[in-house]
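Reader: Got a model to walk through with me. Can we keep it quick?

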Amino acid sequence: MMHPDTEIRYVGKEIGVGVFATKLIPKGTIVWIKDDLDMILDEEYIESLDDIRKDYIYKYAYEEDDGKFVLCWDHARYLNHSFNPNCVDTAYDFELAVRDIQPGEQLTADYGAMGDDEEFECIPEEGSSRTKVTADDYLIYYAEWDEMAIEAFKYFKVVEQPLRHLIKTQYIDKVNAIADGTEPLDSILTIFEDGEGEK
């Protein structure tokens, strides 16, 4: 679920639509969290669908490490990529604002953190030499994303958290401990590893 102070707006012909803040969303705020309304789909089921629905799911869903696809039920599916994102993924099924997101500003995430096997070219961005999302980005940039999350967590308990009640039970104690500074952050890299340490 996306933060309630967001809406879909048209970005442009090349990108289409995106998710924008309608009010200030402070650094450290949960901007998106996986919740029980999101659709969890098997690839076998997706492949059984007609081409129109299949193409839509592959365009807007993301694949988890267990091979299941998650299609967000709300406008979270329209969150666009940036190499200079203002949101960062965590190992706890939510994303945090890594800086104050101003009213009217587009929310963005680095798609490299999804570890998608499909590589794609991106629109060049000022302040970044990257021009492509690759399947190995998570191996190269995980420490940078972890540092962004660590900094954002410093504000976790001092900002309003309208999505906090959706944190999964198995993560609550850990998330609170990270916010208190009593436990370290689990690296985003951990979501790409199975029991044998492989993606």
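Reader: What kind of model is it, and what are the ground rules?

Author: This is a predicted model: local features need pLDDT of at least 70, side-chain atom pairs count only at pLDDT 80 or more, and totals for chains, interfaces and linings use all residues. Residues are numbered from 1 along each chain as its sequence is written, and side-chain values use heavy atoms, with hydrogens and water left out.

Reader: How many helices and strands?

Author: Four helices and twelve strands.

Reader: Back to pairing. How do E5 and E6 pair?

Author: E5 and E6 (residues 69-71) are antiparallel, over two bridges. Tyr 62 has Val 70 in E6 as its bridge partner.

Reader: What order do the strands of that open sheet take?

Author: The order is E4-E6-E5, three strands with antiparallel pairing. E4 (39-41) and E5 (62-63) are the edge strands, each pairing on one side only.

Reader: And E1 with E2, how many bridges?

Author: Six, joining E1 (residues 6-12) to E2 (residues 16-21) in antiparallel fashion. Arg 9 has Gly 18 in E2 as its bridge partner. The two strands E1 and E2 form a hairpin, with three residues between them.

Reader: New topic. What's the radius of gyration?

Author: The protein has 16 Å, which agrees with the value near 16 Å for a compact globule of 199 residues. That radius is taken over C-alpha atoms, and the globule rule is 2.2 Å times the number of residues to the power 0.38. The C-alpha atoms fill a box of roughly 50 × 40 × 35 Å along the principal axes.

Reader: How much is buried?

Author: 47% of the 199 residues. Buried means under 20% relative accessible area, exposed over 50%, partly exposed in between (1.4 Å probe, protein chains only).

Reader: Last one. Is Val 158 buried or exposed?

Author: Exposed: Val 158 has a relative accessible area of 64%. Val 158 lies in the loop between H3 (137-153) and H4 (169-180). From Ile 25, Val 158 is 133 residues away in sequence and 13 Å away in space, C-alpha to C-alpha.

Methods:
Pairing = 2+ DSSP bridges.
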